[in-house]
Each structure stands twice: as C-alpha cells, then as structure tokens.
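User: I'd like to know where the labels for this model come from. Could you take me through the cut-offs behind them?

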Amino acid sequence: MNYDKYSFSVKETIRYSALWIAICACLAFFFYRSYIAFALFLCGFPLYAKYIKRIRIAKRKAELSDRFVDSIRSVSGNLESGNSVENAFAGAYRDMISLYGEKDPICAELRKIIRGLDNNCVLEELLSDFAARSGVKEIRDFADIFAIGKRTGGSLREIMADYVTITKNKNEIRSELKIQIEAAAFEHRIMCVVPFGILLYVGGTNRGYFDGLYHNFTGIAFMTVCLAVYITAFLWGSKITEIKV
C-alpha cells in the first residue's frame with residue numbers, strides 16, 4: 001500500500017460531491033447571486049478533491065505514525081519478556097487487532113512483516129520497505145536507526161527499548177500541542193462561518209441592502225476580491241493549524 005496516494009470510496013465520492021455542491025451554492029449566492037457563478041464553481045471540484053485527499057493522507061499518516069509507535073512498544077515489551085522476534089511481532093499484531101481492529105493499516109503491515117519473517121526475510125529490509133511506502137518520518141527514522149544498529153552489532157531489544165523511550169517523550173509534547181492546536185482549529189472553523197452569518201442577518205433584516213454588489217461590473221470585481229481574500233484566509237488558517245512536531 002502506498003500511503004502517499006488516496007482514493008475516494010463510493011460513499012466518500014457521494015459525500016464530498018454533495019458537500020462541494022453545497023459550498024458552491026453558498027459561495028455563488030453570497031458573492032455573486034448568479035447561476036453562472038455556481039456552474040463555474042462546480043468545475044473546481046478536482047481542486048477540492050485534491051485538497052481533501054491531502055488532508056486525508058496527512059490524517060492517515062498521523063494515525064499510522066501513532067499506531068506504529070504503539071506496535072513497537074508492544075514488540076519491545078514482548079522482547080523484554082524473552083520472546084523471539086517472530087513471537088514478539090505476532091504478539092504485537094494481536095495487541096493491535098484488539099486496539100484498532102484487523103482491517104487497520106498497522107495490522108496489515110504487521111501481517112506482512114510476520115509473513116516475511118516466516119519466509120526468512122531480513123527484518124531490516126521489511127522495515128525499510130514499510131518506511132519507504134509509508135512516507136512517515138518516524139517510521140523512516142526507526143528503520144534507519146534499526147538498520148544502523150544491526151550493522152554495528154546492536155541488540156534488537158536495546159534498539160527497541162531506546163526508540164520507545166525517545167518517542168514517549170516526543171508523544172507527550174505532541175499531545176499537549178495537539179490539544180491547543182485543535183482548539184485553534186475549532187476557532188478557525190467558527191470564524192470561517194461567521195461572515196456568512198453576518199451577511200445573512202444583515203441581508204435578511206435590510207432588504208436590498210446588498211443589491212449594489214451584484215449584477216454589475218464594480219460589484220462583481222469587489223466581491224471577487226473579497227472571495228480571493230476569504231479563500232486565502234481559509235487556506236492560511238488551515239495551514240497554520242496543522243500539527244508538525
């Protein structure tokens with residue numbers, strides 16, 4: 001599985017198509033009051049789909065990173081208990097199934113590693129392949145550290161234990177930041193909706209108040225600038241609320 005690519009399911013295609021139609025209708029009504037604008041906005045669905053896929057990929061990678069750390073923690077614990085490498089990964093696989101379900105990507109990756117070990121594949125190569133496909137920095141770092149450690153005669157148990165200790169401290173910091181950034185992201189979503197609420201209230205209580213902004217060149221130019229500013233602010237706000245630790 002290539003984690004840098006994402007394909008919509010049928011349900012997601014229907015859901016995001018309906019959402020894009022609603023967004024286009026809202027933008028066309030508030031900024032232009034024009035069916036032509038609505039039709040033009042609909043043509044932007046490929047860009048919207050690309051934006052959604054980027055978000056979904058980032059979310060999937062973040063989840064994969066967290067669950068990979070959980071799996072390595074489980075492997076480390078099994079090794080400390082005296083289990084072999086194969087049994088340690090098999091135990092981690094069972095733990096991940098109980099936590100996330102058999103269909104979760106980390107379970108699929110652990111199954112692949114276990115099958116590889118059963119077929120006498122080198123663990124370093126299995127981890128490197130997973131790291132290359134995942135595109136996740138934490139997994140790549142672990143695969144590199146593990147490969148270097150094995151080449152220099154390091155103990156598998158010690159490498160696992162050191163990685164668990166390092167990531168534990170990092171995850172504590174990440175969790176604290178995540179709470180703060182999620183609060184900021186919620187405020188950002190609220191602020192994106194507020195302008196439309198104000199326009200709806202003013203337009204509803206003062207009939208014809210905004211008529212001068214529609215169906216004339218000056219009004220269209222002004223509202224186009226407003227739309228560009230709004231989209232820029234939305235994308236900028238979304239960018240600065242992304243978590244990168």
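Analyst: A nonpolar core is a set of buried Ala, Val, Leu, Ile, Met, Phe, Trp, Tyr and Cys residues joined through side-chain atoms within 4.5 Å. Buried means under 20% relative accessible area, exposed over 50%, and partly exposed in between (1.4 Å probe, protein chains only). The largest such core here has 34 residues, and Phe68, Phe89, Ile106, Leu123, Phe142, Phe146 and Met160 have the most contacts inside it. Helices contributing at least two residues each include α3 (45–80), α7 (137–151) and α8 (156–205); helices are DSSP runs of H or I with at least four residues, numbered from the N terminus.

As for ground rules, this is a predicted model, where local features need pLDDT of at least 70 and side-chain atom pairs count only at pLDDT 80 or more, while totals for chains, interfaces and linings use all residues. Residues are numbered from 1 along each chain as its sequence is written, and side-chain values use heavy atoms, leaving out hydrogens and water.

User: How do you know that Phe68 is buried?

Analyst: Its relative accessible area is 2%, and the cut-off is under 20%, so Phe68 passes. Phe142 counts as buried too, at 1%.

User: Why is the pair of Phe68 and Phe142 called edge-to-face?

Analyst: Rings of Phe, Tyr and Trp (its six-membered ring) pair if their centres lie within 6.5 Å; planes under 30 degrees apart are stacked, over 60 edge-to-face, and the rest tilted. Phe68 and Phe142 sit 5.5 Å centre to centre with 70° between the planes, so they are an edge-to-face pair. Phe68 belongs to helix α3 and Phe142 to helix α7, so the pair ties together parts 74 residues apart in sequence.

User: And what makes the pair of Tyr32 and Phe41 tilted?

Analyst: Their ring centres are 6.1 Å apart and the planes meet at 45°, so tilted is the label. Tyr32 is buried at 14%, as is Phe41 at 18%.

User: What are the residues lining the second largest pocket: nonpolar, polar or charged?

Analyst: They divide into 14 nonpolar, two polar and no charged. Nonpolar covers Ala, Val, Leu, Ile, Met, Phe, Trp, Tyr, Cys and Pro; Asp, Glu, Lys and Arg are charged, and the others, Gly among them, polar. α9 gives the most to this lining, with seven residues.
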